[in-house]
Every structure is written in structure tokens, then in C-alpha cells.
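Take a walk along this chain.

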Amino acid sequence: MPRDGDKTREQIVVAATRLFYGQGIKAVSMDAVAEKAGVTKKTLYYHFTSKDELVAATIAARDQPTLDLYRRWFAETDGSAADKVRGLFIKLGRSVDTPRWRGCGFLRTIAELANTPAHPAVKAGAAHKKRFEAWLETELRSEDIPGAAALARQIVILLDGATTVMLIHRDLDYVEAAGQMARSLVEGAQR
């Protein structure tokens with residue numbers, strides 16, 4: 001019985017995402033991806049002509065779900081725009097406080113491929129970060145907060161910084177401190 005091509009492709013992306021996130025891109029072979037996905041290497045290469053293409057597909061697959069998660073966190077947080085921004089950090093802290101968490105997959109991919117800035121996964125990761133920033137700017141503008149573009153950029157810096165420091169120290173106090181700073185920035189802009 002023939003396999004469904006879209007399902008097989010998705011199965012490969014899911015397996016590769018788990019392996020790349022857990023072990024790093026360079027440490028994972030295409031053989032390991034094929035084995036984890038339960039496909040032959042021939043099938044893997046039918047769907048992805050190179051490891052670079054597969055890495056880019058894993059980043060692209062995480063883009064919208066990650067943006068949707070942050071949108072949900074923002075919407076679920078009660079209060080002012082400042083409260084909602086702080087809520088992003090609180091929810092981030094809760095989601096990353098597990099032994100299996102290995103940091104932001106977008107940042108880790110970009111860092112691992114930093115010597116190849118034209119790599120499609122680096123471009124996809126950078127585009128994701130820009131889309132997140134644009135979404136946050138839109139949310140801040142809808143609240144009539146002055147300087148929404150600059151403020152969104154500052155909050156992105158705090159989020160990415162908090163994520164990185166949390167990976168280093170495994171201490172939620174850093175995420176909390178960054179959330180308080182972000183809240184203060186929004187409150188200051190509203191004055």
C-alpha cells in the first residue's frame with residue numbers, strides 16, 4: 001500500500017525536529033533521522049534533497065505554532081498591555097522549566113549555523129523572529145502605545161536574552177527579572 005506523501009514528509013520533519021533539538025543539527029545524521037522517522041534513506045531523500053533543506057523545513061514547521069503559542073499567552077493574560085507583556089515572560093518561564101528544555105530552537109539553530117548566514121534555516125529563523133516582533137508591535141499599537149516598534153524590539157531582546165540566560169543558569173529569576181523590565185518599558189511608554 002503506498003504511503004501518503006504529506007504524512008511521510010510530516011513524519012520526517014517531526015522526527016528531525018526532535019533529534020535536532022535534542023542533540024544539535026551537526027550531531028544528527030540523515031541515517032538517524034530516517035531511523036527515527038521509520039522511513040528508508042531513499043524515502044528521506046525523496047522528500048528532502050539535502051540535510052540543509054530538512055533543517056530549514058524543521059524551522060519553518062515551528063514558525064506558526066510558536067507564534068500562535070505567544071498569541072494565545074498574550075490573549076489569555078488579563079490586564080493592561082504591560083500585564084500582557086509580562087504574562088509572556090511568566091508563561092515562557094513555566095514552559096521552559098523542565099529538564100528536557102534545551103533553549104529556543106530558533107536561536108540554537110541560528111547559533112549552530114552562524115558561520116553560514118545564507119543557510120535557509122538561518123534565514124527562516126531570522127524571519128520568524130521578525131514576524132514575532134511585527135506581531136508584538138501590532139499588539140502594542142492596538143493599545144495606542146507610543147513608540148510601539150522600538151518597544152517591540154526591546155521586548156524581543158529581553159525575551160531572547162531571558163531564554164538564553166535561562167538555558168545557562170536554569171534559574172527562573174532571570175525570566176522574571178526580564179518580564180518585570182518589559183512591563184516597566186511598556187508602562188513607561190504609556191506615560
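Buried here means under 20% relative accessible area, exposed means over 50%, and partly exposed lies in between (1.4 Å probe, protein chains only). Helices are DSSP runs of H or I with at least four residues, numbered from the N terminus. The model is predicted, so local features need pLDDT of at least 70 and side-chain atom pairs count only at pLDDT 80 or more, while totals for chains, interfaces and linings use all residues. Residues are numbered from 1 along each chain as its sequence is written, and side-chain values use heavy atoms, with hydrogens and water left out.

Begin with helix 1, residues 5-23. Its buried residues are Thr8, Ile12, Val13, Ala15, Ala16, Thr17, Leu19 and Phe20. Their cover includes helix 2 (30-37), helix 3 (41-47), helix 4 (51-76) and helix 6 (105-112). The expected span of a helix is 1.5 Å times one less than its number of residues. For the 19 residues of helix 1 that gives 27 Å, and the end C-alpha atoms are 27 Å apart, which agrees. Gly24 follows helix 1 with a positive phi, near 100°.

Helix 4 has 26 residues and reaches 38 Å from first C-alpha to last, close to the expected 38 Å. It bends by about 30° at Asp63, and Pro65 follows within four residues. The bend is the angle between axes fitted to the seven residues ending at a residue and the seven starting there.

Now the charged pairs. Side chains of opposite charge can pair when their charged atoms come close. A salt bridge puts a side-chain nitrogen of Lys or Arg within 4 Å of a carboxyl oxygen of Asp or Glu. The structure holds 11 of them. One joins Asp31 and Lys41 at 3.1 Å, N to O. That pair links helix 2 to helix 3, across 10 residues. Another joins Asp160 and Lys129 at 2.8 Å, N to O. Here the link runs from helix 8 to helix 7, 31 residues apart. Lys129 counts as buried, at 17% relative accessibility.

Arg141 and Glu137 meet at 2.5 Å, N to O. Both lie in helix 7, four residues apart, about one turn of the helix. Salt bridges that share partners also join Arg72, Glu76 and Lys91 into one network.

Which residue in the loop between helix 7 (120-142) and helix 8 (148-169) stands out? Most residues other than glycine have a negative phi. Asp144 lies in that loop and has a positive phi of about 60°. Asp144 is exposed, at 69% relative accessibility.

Note on methods: Helix = DSSP H or I, 4+ residues; strand = E, 2+ residues; numbered from the N terminus. Contact = heavy atoms within 4.5 Å.
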